[in-house]
Amino acid sequence: MRKVYAGLFSSVDGVVEAPNEWQPSFDDEMGAALSRLLDGQDAVLLGRVTFTEWAQYWPTSTDEPFASWINSTPKYVASSTLDTVDEWSNSTLIKGPLADFVADLRQQDGGTIGVGGSPSLVRSLLDEGLLDELTLMISPVVAGGGRKRLFADDAPLTKLDLVEAQPTSSGALIATYRPTR
């Protein structure tokens, strides 16, 4: 069975929205962690917001090696409001219940399924028991209020097991967790 892995940038106070606005640095260790997340991935799940933002940038980007990879990789978009995802090649709009689609995708042949950005999607997959691993790159900054956090104040208790933790040269912490099952 294929695994579903997610990686997100996070502040110490759990903010995951718009890291370009608060993340103080991006170091070599973070780059290596992202490369490890991409190794073996041959499909990407995206939420509507991330898809819409990325579809404006990546199809014409020369930011290598990620541009070639993301543009050629199959992308599956979870959205109840989009009618089409035709503006970005290799993109498919998920029709029907997300949990059913992901459960079916996990049964197909292939490598790891990655989740790009998309904190709401990450929460949904975790709630449905479909997320196998979560990597947080936690920057040493408090981003403050008014921004989207990975978990809402009323989120249910969810236990995670620490798989690995690595401090980086910029003071960030790369922490990988698996849901306790």
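This is a predicted model: local features need pLDDT of at least 70, side-chain atom pairs count only at pLDDT 80 or more; totals for chains, interfaces and linings use all residues.
Residues are numbered from 1 along each chain as its sequence is written, and side-chain values use heavy atoms, with hydrogens and water left out.

**Figure 1. Strand β5 is covered on both faces.** Helices (H or I, at least four residues) and strands (E, at least two) are DSSP runs, numbered from the N terminus. Five of the five residues of β5 are buried, where buried means under 20% relative accessible area, exposed over 50% and partly exposed in between (1.4 Å probe, protein chains only). T112, G114 and G116 lie on one side, and I113 and V115 on the other. Two strands pair if DSSP finds at least two bridges between them. β1 and β5 run parallel and are joined by four bridges; β2 and β5 also run parallel, again with four bridges. A43 has I113 of β5 as its bridge partner.

Figure 2. T112 counts as buried because its relative accessibility is 13%. Contact means heavy atoms within 4.5 Å. Neighbours within four places in sequence aside, T112 is in contact with R2, K3, Y5, G40, Q41, D42 and A43. S80 is 32 residues from T112 in sequence, and the two C-alpha atoms are 25 Å apart in space.

**Figure 3. Helix α1 (residues 28-38) and its buried side.** The buried residues shown are M30, A33 and L37. They lie on the same side of α1 because they cover an arc of only 60 degrees around the axis; the arc is that of the directions from the helix axis to the C-beta atoms. Among the elements covering these residues are β1 (4-11), β2 (41-47), β6 (133-139) and β8 (173-179). At the N-terminal end, D27 caps α1, with a side-chain oxygen 3.2 Å from the backbone nitrogen of E29. G40 follows α1 and has a positive phi, near 85 degrees.

**Figure 4. Helix α2 (residues 48-57) and its buried residues.** T50, F51 and A55 are the buried residues of this helix. Seen down the axis of α2, they fall within an arc of 125 degrees and so line one face. Their cover includes β2, β3, β4 (91-93) and β5.

**Figure 5. The largest nonpolar core has 24 residues.** A nonpolar core is a set of buried Ala, Val, Leu, Ile, Met, Phe, Trp, Tyr and Cys residues joined through side-chain atoms within 4.5 Å. The residues with the most contacts inside the largest core are V4, L45, V115, V122, L125 and L131. At least two residues come from each of β1, β2, β3 (75-78), α4 (98-107), β5 (112-116), α5 (119-127) and β6. α5 gives the most, with four residues. Sequence neighbours within four places aside, L125 is in contact with V4, L45, L98, V102, V115, L130 and L131. A second, separate core of twelve residues includes V44, V77, V85 and W88.

**Figure 6. Antiparallel pairing of β8 with β6 and with β7.** Five bridges join β6 to β8, and I138 stands opposite L173 in β8. β7 (residues 160-167) pairs with β8 over seven bridges; D161 has R178 of β8 as its bridge partner. β7 and β8 form a hairpin with five residues between them, and G171 in the turn has a positive phi of about 95 degrees.

**Figure 7. Aromatic pairs, of which the structure holds seven.** Rings of Phe, Tyr and Trp (its six-membered ring) pair if their centres lie within 6.5 Å; planes under 30 degrees apart count as stacked, over 60 as edge-to-face and the rest as tilted. The W58 and F66 rings form an edge-to-face pair, because their centres are 4.8 Å apart and their planes stand at 70 degrees. W58 counts as buried, at 11% relative accessibility, whereas F66 is partly exposed, with a relative accessible area of 21%. The Y76 and F101 rings have centres 5.4 Å apart and planes at 55 degrees, so this pair is tilted. It links distant parts of the chain, with Y76 in strand β3 and F101 in helix α4, 25 residues apart. One aromatic cluster is formed by W54, Y57, W58, F66 and W69.

How values were computed: A polar contact is a pair of N or O atoms within 3.5 Å; within protein, one must be able to donate a hydrogen and the other to accept it, and residues adjacent in sequence count only if both atoms are side-chain atoms.
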